[in-house]
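Please look at the sequence and the 3D structure below before reading on.

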Amino acid sequence: MNEWTHKEWLKEKNTQPVAAYYLYTPMCGTCQVASKMLGVVAELLPGLPMGKANLNYVQEVAELYEVKSVPCLLISQDGKVTDKVYAFQSVPYLYEKLKSVDEYSQP
């Protein structure tokens, strides 16, 4: 999963039917676990545009989308953020959540 700037997130969100943006901070222990979980999911869903960003460097994203805490996964459909995931629960949970959104975008 590549690091995305806010500008890169906006491009993906507005040009792809579905995209996901993972927000974290490096000192957050829960974020470290969530990063590993999302790494597995990204491998399983290689066609889904998914990026990540250290929230310390994209604070405007936190304000714009009213992010309350990290880790946070923003999911967009057709250019609009449709979901904010704070409780990552498990790899199967994240996989099913993103897979169902990704299938929505397929013809």
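Strand β2 (residues 18-24) pairs with β4 in the antiparallel sense over six bridges, where two strands count as paired if DSSP finds at least two bridges between them. The model is a predicted one, in which local features need pLDDT of at least 70 and side-chain atom pairs count only at pLDDT 80 or more, while totals for chains, interfaces and linings use all residues. Residues are numbered from 1 along each chain as its sequence is written, and side-chain values use heavy atoms, with hydrogens and water left out. Helices (H or I, at least four residues) and strands (E, at least two) are DSSP runs, numbered from the N terminus.

| Partner of β4 | Sense | Bridges | Residues standing opposite |
|---|---|---|---|
| β2 (residues 18-24) | antiparallel | six bridges | A20 and I75 |
| β5 (residues 80-85) | antiparallel | five bridges | S76 and V81 |

In the hairpin of β4 and β5, two residues lie between the strands, and D78 takes a positive phi near 50 degrees. Strand β4 itself (residues 72-77) has six of its six residues buried, where buried means under 20% relative accessible area, exposed over 50%, and partly exposed in between (1.4 Å probe, protein chains only). Both of its faces are covered, with C72, L74 and S76 on one side and L73, I75 and Q77 on the other.

Which residues of helix α2 are buried? In α2 (residues 29-44), the buried residues are C31, A34, M37, L38, V41 and A42. They lie on the same side of α2 because they cover an arc of only 145 degrees around the axis, the arc being that of the directions from the helix axis to the C-beta atoms. The face turned away from this buried side carries the exposed residues K36 and E43.

Terms used:
The expected span of a helix is 1.5 Å times one less than its number of residues.
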